[in-house]
Amino acid sequence: MTDREKSDMNEIHDLRTFLEELRSSGELAEIAKEVDPVHEIGSVIATLEQKHGPAASFVNVKGYAGKTVVGGLLSNHRKIAIALGCAQAEVTDRMEHVLTHPIAPVEIEKAPCQEVVLTGDQVDLTALPIPTHAPEDGGPFITAGVTVGRDPENGVQNLSFQRMHIKGKNRMGIMINEWRHMRGFLDKAEAAGKPLPVAVAIGVDPVLMIAAGCRYDGDEAELAGGLRGKPVETVKCVTCDIRVPAWSEYVIEGEILPGVREDEGPLAEFTGHYGLLWKSPVFAVKAITHRKDAVWQTLNGGSFEHINLGNVLPREPLIRNFARYVSKNVTGVHIPPYGSGFMAVVQMKKKNEGEPKNVAMAAMISYVNIKNVVVVDTDVDIYNPADVLWAISNRVNPREDIFHVPNSQGHELDPCSDETGVQTKMGIDATLKANRQKLKKAVYPTVDLGEYLKGGATT
Ligand SMILES: Cc1cc2nc3c(=O)[nH]c(=O)nc-3n(C[C@H](O)[C@H](O)[C@H](O)COP(=O)(O)O)c2cc1C
Ligand SMILES: [Mn+2]
């Protein structure tokens with residue numbers, strides 16, 4: 001055991017310490033049954049997520065004896081709170097705080113992620129237990145890897161998610177959307193006719209994944225440091241200058257080939273629909289490094305975990321700030337993962353009847369993806385879909401309480417928008433109206449069922 005491991009025994013600093021915390025909280029199911037990496041792992045992860053269940057650790061993966069795959073680690077706020085070491089109710093505050101309190105990473109010389117180094121002919125992506133997740137996905141994809149890139153001009157590093165489609169032993173398709181920092185790096189490299197060095201870290205401290213989902217003008221590893229309250233340790237790659245998280249389970253190093261585009265996809269996207277076949281850049285792999293007994297981490301495309309990382313965690317603080325700027329009476333904001341990041345629920349203690357509509361307008365322009373905004377009173381639990389639908393059913397008179405903003409800017413992958421993202425946004429004032437303020441919501445106190453179900457009854 002290293003000094004670092006001794007001093008941090010109860011603190012998360014890598015995937016393994018996070019898995020321990022999940023296990024001791026009853027949030028990690030060890031699956032001993034043999035599972036097929038083609039579709040079966042994805043289906044088990046999806047079923048566990050639908051049932052609000054634990055994350056999964058697959059220790060018997062067909063065709064990959066001795067290799068473990070974990071998935072669904074950040075599928076709900078219970079697990080996200082464990083990852084951040086805070087209460088569920090504090091998650092949004094934590095995310096807001098870190099955007100203004102980054103901590104720079106530190107470099108170390110010898111790192112666990114380079115215990116095993118494979119280069120040249122030893123490189124073989126097909127030897128890794130990479131699942132094919134959804135029934136109509138185009139093949140095995142790296143979905144939970146954190147891409148580490150470097151600006152070719154100033155050397156500033158960047159963390160983000162770019163899914164990778166396995167094409168052979170040392171070749172992957174990498175999908176890089178237009179407005180990403182990685183896209184800017186690739187544009188610069190291609191203009192100079194040079195390959196772009198890149199690395200992907202799989203199986204990392206969950207704060208690195210949460211940071212990679214944030215838009216930040218700088219190295220997102222600083223956000224991960226801020227979330228953990230101490231610097232992320234990094235190490236230099238074996239084939240290039242990129243610094244990767246030192247405690248990663250696996251690191252895949254290589255370069256994006258200039259000017260090359262190949263078919264990539266389809267994959268279940270964050271909208272919950274399959275994406276199209278894209279013409280994407282190609283990642284040529286030069287080295288695979290990993291820890292001894294390395295654990296492969298994955299996530300399902302289009303899952304709540306995907307939306308939590310990409311839409312919920314990074315954006316709730318932004319929308320809350322914007323809505324609060326418009327009204328001090330806003331008490332909470334939630335972007336429910338079931339809304340694919342296109343919906344926001346705002347809770348407020350309104351003082352005037354026009355306030356909820358102003359707040360809805362603020363929420364729908366504070367982030368381009370937000371299309372539908374529901375504003376509720378403080379007696380509605382914004383984290384409970386049934387409560388939100390109850391408010392819409394009981395407190396909305398559609399003619400007065402719903403408004404539309406035609407031809408506004410949304411996300412181009414929203415199935416209701418045109419190919420440039422132009423669409424109609426909708427605000428719903430689901431607060432109890434002034435003429436009905438005497439009505440009071442009936443709330444039964446909840447009881448500890450353990451006290452009542454002794455003697456064999458089950459829930
Ligand atoms: C699970 C997950 C998968 C994602 N897949 C991709 C992808 O394949 N390509 C892409 O360009 N963005 C993808 N994204 C979005 C970006 O990674 C994300 O917006 C990131 O914050 C962009 O970082 P940047 O601001 O440094 O460019 C994904 C996000 C998540 C959470
Ligand atoms: Mn960035």
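Which residues line the second largest cavity?

Author: Keep in mind that this is a predicted model. The lining of the second largest cavity is made up of Pro105, Val148, Gln157, Leu159, Leu208, Asp219, Ala221, Val232, Thr234, Arg243 and Pro245. Two elements give two or more residues each to that lining: strand S8 (157–160) and strand S13 (243–245). Sorted by class, the residues around this space are seven nonpolar, two polar and two charged. Its volume comes to about 50 Å³.

Now for the wider setting. A search of the whole structure turns up three cavities of 30 Å³ or more. The largest cavity holds about 150 Å³ of space. Its lining has 16 residues, and those nearest the centre are His13, Asp205, Leu208, Val232 and Glu233. Helix H7 (206–212) and helix H8 (221–228) each put at least two residues into the lining of the largest cavity. By class, that lining splits into nine nonpolar, two polar and five charged residues.

Glu233 deserves a moment of its own. It sits in strand S12 (residues 233–236). With a relative accessibility of 18%, Glu233 falls under the 20% cut-off, so it counts as buried. Its side chain makes a polar contact with the side chain of Trp247, at 2.9 Å.

Arg243 forms a salt bridge with Glu107, and the closest N and O atoms are 3.0 Å apart. This pair links distant parts of the chain, with Glu107 in strand S4 (residues 106–107) and Arg243 in strand S13, 136 residues apart. Glu107 has a relative accessible area of 42%, so it is partly exposed.

Glu96 and Arg320, for example, meet through their side chains at 2.8 Å, N to O. Here too the pair links distant parts of the chain: Glu96 is in helix H5 (residues 91–98) and Arg320 in helix H9 (residues 304–326), 224 residues apart. The two partners fall into separate accessibility classes, with Glu96 partly exposed at 25% and Arg320 buried at 10%.

Another salt bridge joins Glu255 and Lys286, whose closest N and O atoms are 3.3 Å apart. Glu255 belongs to strand S14 (residues 250–256) and Lys286 to strand S17 (residues 282–290), 31 residues apart in the chain. Lys286 is partly exposed, with a relative accessible area of 38%. There is also a network: salt bridges that share partners join Asp14, Arg16, Glu249 and Arg291.

If you're wondering about cysteines, the structure holds zero disulfides. Take Cys113: the closest cysteine sulfur to its own is in Cys237, 7.8 Å away, which is too far for a bond. Cys113 is buried, with a relative accessible area of 0%. Cys416, on the other hand, is exposed at 57%.

Note on methods: Residues numbered from 1 in each chain as written. Chains lettered and ligands numbered in written order. Predicted model: local features only at pLDDT ≥ 70, side-chain atom pairs only at ≥ 80, totals over all residues. Heavy atoms only, no water. 1 Å grid on protein atoms, 1.4 Å probe; cavity = no way out; pocket = protein on both sides within 12 Å on 5 of 7 lines; lining within 4 Å. Points joined across faces, edges and corners; volume = space filled by probe spheres on them. Helix = DSSP H or I, 4+ residues; strand = E, 2+ residues; numbered from the N terminus. Nonpolar A, V, L, I, M, F, W, Y, C, P; charged D, E, K, R; others polar. Buried < 20%, exposed > 50% of the residue type's maximum accessible area, 1.4 Å probe, protein only. Polar contact = N/O pair within 3.5 Å; in protein donor to acceptor, adjacent residues only side chain to side chain. Disulfide = S-S within 2.5 Å. Salt bridge = Lys/Arg side-chain N within 4 Å of Asp/Glu carboxyl O.
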